[in-house]
Amino acid sequence: MPMLKLRHIKKYFAGVKALEDVNLEVTSGEIHALLGENGAGKSTLMKVISGAHLADEGEIIFENKPLLKTSPSISKSLGISIIYQEFSLVEDLSVAENIYLGKGSSMKWLNWNHINKSAEVLLHSLGFQINVRQKVAKLSIAEQQIVEIAKALSSDVKLLILDEPSAVLGTAELAKLFVLLRSLRDRGVAIIYISHHLDELLELTDRITVLKDGRSVETVFTKDISKDDLVTLMIGRSISQMYPQKRYTALDGKQIQINNLQTVMSVEPISLILNKGEILGIGGLVGAGRTEILDSLFGNYNNRAEIIIDNKKMVLRHPKGMIEGGWGMVPEDRKRLGGILPMSIKENISLTNLGKISNRWGFINLRKEKEIVLQLIQKLQIKIGSMDDPLASLSGGNQQKVILAKWLNVAPQVLLVDEPTRGVDVGARAEIYTIIQELADQGVYILMVSSDMDELMGLSDRIVIVRKGQLIGELQKSDFSEEIILRMALGAN
Ligand SMILES: Nc1ncnc2c1ncn2[C@@H]1O[C@H](COP(=O)(O)OP(=O)(O)OP(=O)(O)O)[C@@H](O)[C@H]1O
Ligand SMILES: [Mg+2]
């Protein structure tokens, strides 16, 4: 008997068909994956189950009872917990307050010592240590995700939904999460797990349902299916090659030298060389200080370094100055730093590049703007209704593509990319790799942080490894190995 049954679910948003016809059954004691391209409808479906959206048509049956007009609080009280793809924490509140927010009927009767203690015990039982009195705004995004998980588990849960939890976690946190999910499953919890990482789904889940254009196309037993077949089910074709052909040979021997870069995490300043035409990868564990290196280089911390580009000195400035100097950055945290959610897709793409489309009196050529934006949308296969819709109306992976499009539009001289394909489906990921490689081939200096080991090794020409904010080693393409990189990252060599 399935715990949850969905029948013929439909959901439209002002003309956009998010869900056409979805059928799904999830049983107690299974981990059920939901797989589908960006915009296929996964998050929308989860929000229908959690009561954040009401379905336009169809039936939800939970523990043999129809869930008619559900709401987040009704579904929560029935034991349905969800970890949303875009975080739902309140940044100004502490970790403990976030975990227990809305639990007591009256805030003033809450015993804070007790709450802090409970939050600590809960996090500890999940295998994590986070200062529960700290404001959420101070946490890294991996830590925020852990707090989301703790929050979802702070009350009795029968059905747990995780919408791309792994996108912001590192290897170590992910391993702990898997242990946790398996033990919940063994205690009879039903789990729905969404991820674009097929290896994860194959390792963790019992069954997989594939969603395509708002329809459930097939449910398979994980043990019976191969990675290639999954890709074909999902995107309707197989991918012959995930990573582009490499033909890097230093272009004209040109270089950028970064000397004595002081970052927030490094005790000693660090130095780096970028070669023209090369993709330099930065490897390391979550929290090792990789993002801080990119942030510092982009002038986010008001810090110093000597930067020499093709023998000319450049002053490291604030981000605005760096953008003017031809630097671009695709940040890790797209919600906070990458895009402006209430603004339109069009504005998000053309914002940094108004110079190209405005005349000498500063008027924007709207037709030209549209044309350029449309080309980029097609090139990156971004799934949108209209380019005037707000960025917020796009699925997570499509938001990521918009942010990439914005930087392609600027055509920077140096591009810093932090987790370029976070939340992006496999088909589109291959496209993005091709685009990044093309940029490098055209002579753009590329510095990339990635926690995805395949991506790091598949796309980089050279990798430097960061631990505790310091560069502790460097590998050439011929020496890439997951084991060596992990050993170096852990400090176990
Ligand atoms: N609030 C909204 N307003 C308008 N359209 C929406 C809204 N939420 C979702 N959509 C649209 O519904 C469709 C499905 O989006 P959804 O977020 O469910 O996709 P997804 O499968 O979760 O994709 P991803 O893998 O990128 O997270 C998309 O076309 C999206 O633009
Ligand atoms: Mg989604």
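The paragraphs below lead through a metal site, a helix and a strand residue of a predicted model. Local features need pLDDT of at least 70 and side-chain atom pairs count only at pLDDT 80 or more, while totals for chains, interfaces and linings use all residues. Residues are numbered from 1 along each chain as its sequence is written, chains are lettered from A and ligands numbered from 1 in the order in which they are written, and side-chain values use heavy atoms, with hydrogens and water left out.

At the magnesium ion (ligand 2), S43 (OG) and Q85 (OE1) coordinate the metal at 2.0 to 2.2 Å, where donors are N, O and S atoms within 2.8 Å of the metal (3.2 Å for Na, K and Ca) and the site may look incomplete because water is not among the atoms. Since S43 lies in helix α1 (residues 42–50) and Q85 in the loop between β6 (80–83) and α3 (95–100), the pair ties together parts that are 42 residues apart in sequence. Helices (H or I, at least four residues) and strands (E, at least two) are DSSP runs, numbered from the N terminus. Both S43 and Q85 are buried, a term for under 20% relative accessible area, with exposed meaning over 50% and partly exposed in between (1.4 Å probe, protein chains only).

In helix α14, the buried residues are E369, I372, V373, L376 and I377. Seen down the axis of α14, these residues fall within an arc of 140° and so line one face of the helix, the arc being that of the directions from the helix axis to the C-beta atoms. The face turned away from that buried side carries the exposed residues R367, Q375 and Q378.

E20, placed in strand β2 (residues 16–26), counts as buried at 15% relative accessibility.
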